[in-house]
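Reader: Pick one part of this model and take me through it closely. Keep it brisk, and give me the cut-offs as you go.

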Amino acid sequence: MSKIVDVLWTGGWDSTFRVIQLLFQGDDVKPHYICDPGRASTSLEISAMHRISELIKADSGLKGNLLPISIVDFPDFEKYSDIEDAYIDIMKEHYIGEQYKWIADYCRYENIDSIDISVQNNPFIRKNHSRDDYPFSVIFRSLKFPLITFSKSEMKKWCIDHGFLSIIEESWFCHSPTRSGKSCGVCSPCIVVVEEGMGYRLPASAKIRYHFRILPRLKSFLKNYPKFYTYLYKLKSR
Ligand SMILES: [Zn+2]
């Protein structure tokens, strides 16, 4: 019998990987998306999830059912003072993102026993997420980190081997998209995409911005070639 797994889906690479992995195993997936008030990429993340959902439904290799996404606005769920206190107590030891606190609030408010968070490559979370002492137990009680020991290249290889690369490549990654809805090339997830050898996922304008960023002297060099500079500049600001 298939089980239903709650997953925090952001429309990004890692959580999209987790959704595909569970559906491939035959589990049903209940995705949750919490709108981050500080992020400009919300609408692009939501449209990526809708695109990916269509591709998933059309893929006969994915046996599990993808249930409708619960999209919640940050003010729509209760914030609990003991969760706030525990978060502050963890922060006295080590910085963790505020989203962990919200997710803990959300799980308590919605009575969710367990939700998959697709964080990887975070030594502090890796070391402490399964602790059952205060304050960790309060924040991490319902949060599961199934990808914490995975690397991006392992995920990519798995997707290639199983034929899901074209689906996962619809995921959204940029945190500060341009006004026309393209990735920027200079925020940290964009830089990760290039460093992971997936720079082909950036539009030409973002690739140019990326290179301007890491090669500041390129700009003064290019000024000796005004026509070429103008050409690049136009692409960059498109
Ligand atoms: Zn970006």
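Author: Along the chain, the donors of the zinc ion are spaced C-x9-C-x2-C-x2-C. A donor here is an N, O or S atom within 2.8 Å of the metal (3.2 Å for Na, K and Ca), and sites may look incomplete, as water is not among the atoms. The model is predicted: local features need pLDDT of at least 70, side-chain atom pairs count only at pLDDT 80 or more, and totals for chains, interfaces and linings use all residues. Residues are numbered from 1 along each chain as its sequence is written, and side-chain values use heavy atoms, without hydrogens or water.

The protein donors are the SG atoms of Cys 174, Cys 184, Cys 187 and Cys 190. They lie 2.3 Å from the zinc ion. The angles between the four donor atoms run from 103 to 116 degrees, so the arrangement is tetrahedral. The rule for four tetrahedral donors is that all angles lie between 85 and 135 degrees. The ideal tetrahedral angle is 109.5 degrees. Cys 184 and Cys 187 are both buried. Buried means under 20% relative accessible area, exposed means over 50%, and partly exposed is in between (1.4 Å probe, protein chains only).

Now the aromatic rings. Rings of Phe, Tyr and Trp (its six-membered ring) pair if their centres lie within 6.5 Å; planes under 30 degrees apart are stacked, over 60 edge-to-face, and the rest tilted. That rule gives 13 aromatic pairs. Phe 74 and Phe 77 have ring centres 6.1 Å apart and planes at 85 degrees, so they are edge-to-face. Phe 17, Phe 24, Phe 150, Trp 158 and Phe 164 make up one aromatic cluster.

Phe 74 has 23% relative accessibility, so it counts as partly exposed. Phe 77, at 5%, is buried.

Helices (H or I, at least four residues) and strands (E, at least two) are DSSP runs, numbered from the N terminus. Strands pair if DSSP finds at least two bridges between them. Five strands form an open sheet in the order 3-2-1-4-5, with parallel pairing. Strand 3 (70-73) and strand 5 (143-144) each have a single partner strand, so one side of each lacks a neighbour in the sheet. Strand 1 (residues 4-8) has four of its five residues buried. Five bridges join strand 1 to strand 2 (residues 28-35). Ile 4 stands opposite Asp 28, and Asp 6 opposite Lys 30.

Ile 83 belongs to helix 3 (residues 81-93) and is buried at 1% relative accessibility. Beyond its neighbours within four places in sequence, Ile 83 contacts residues including Lys 101, Asp 105 and Val 138. Contact means heavy atoms within 4.5 Å. Asn 128 is in helix 5 (residues 123-128). Asn 128 is buried at 2% and touches Phe 136 and Phe 140, leaving out residues up to four places away in sequence.

How values were computed:
Four donors count as tetrahedral if all angles lie between 85 and 135 degrees; four count as square planar and six as octahedral if opposite donors are over 155 degrees apart and all others between 65 and 115; anything else is irregular.
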